[in-house]
Amino acid sequence: MKQAATAAALLGLAVSAAGCANIRDHRGYLIDPALTNTVQPGVDNRFSVERALGQPTFKSQFGKPTWYYVSVDTRQRPFARPRTSAQTVLTINFDAKGNVTSVERGGMEKVARINPDGHKTATLGRNRSFFEDLFGNIGSVGALPGAGQGGGAPTGTGPNGS
């Protein structure tokens, strides 16, 4: 009986530990070196690049015409945020006529690791408690303008008294 309980506990531990595996994910363009190496400056144009590589991940909106093919591999450990494990950015620059002028490749050196400050950002205004936020507008919604200044209802001739 004791051996069965031990075996059941070990089986339960093995099943729960199996759920704690690393998660690997790929986002963006699937880079095929055989295809990306065929793009050559002075030989290819937008049409031939699109036929060989497909639509880019994004295109430049300003400045010289540039296409970006971005590939990102991430890995996530149990109970943690995903981290970039590999990144490739293929940048293809075009001239005004649509011919390829340069092809650049970048990797993990382009990844910036930032640690946001966990403190609160100072803002103007009052520091109000939860209950002041919750009940602070009671009585002020629908109040007439100027009612607290000794004035009464609006006395104008318009449809709303103005």
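**A guided tour of the predicted model**

Begin by selecting Asp25, which counts as partly exposed at 34% relative accessibility. The structure on display is a predicted model.

Arg27 and Asp25 form a salt bridge, and their closest N and O atoms are 3.2 Å apart. The count of salt bridges comes to one.

Select Tyr29, Val39, Val49, Leu53, Trp67, Tyr69, Leu90, Ile92, Phe94 and Val100, the 10 residues of the largest nonpolar core. Which of the elements gives the most to the core? The answer is β4, with three residues.

Within the core, centre the view on Val100. Leaving aside residues up to four places away in sequence, Val100 touches Val39, Gln40, Pro41, Gly42, Asp44, Asn45, Val49, Ile92, Asn93 and Phe94. Val39, Val49, Ile92 and Phe94, seen among these contacts, also belong to the largest nonpolar core.

For the last stop, select Ala52, which lies in helix α3. Is Ala52 buried or partly exposed? Ala52 is partly exposed, with a relative accessible area of 27%; this value does not fall under 20%, so Ala52 does not count as buried. Ala52 and Thr36 are 16 residues apart along the chain, and their C-alpha atoms are separated by 8.0 Å.

Conventions: Residues numbered from 1 in each chain as written. Predicted model: local features only at pLDDT ≥ 70, side-chain atom pairs only at ≥ 80, totals over all residues. Heavy atoms only, no water. Core = buried A, V, L, I, M, F, W, Y, C linked by side-chain atoms within 4.5 Å. Buried < 20%, exposed > 50% of the residue type's maximum accessible area, 1.4 Å probe, protein only. Helix = DSSP H or I, 4+ residues; strand = E, 2+ residues; numbered from the N terminus. Contact = heavy atoms within 4.5 Å. Salt bridge = Lys/Arg side-chain N within 4 Å of Asp/Glu carboxyl O.
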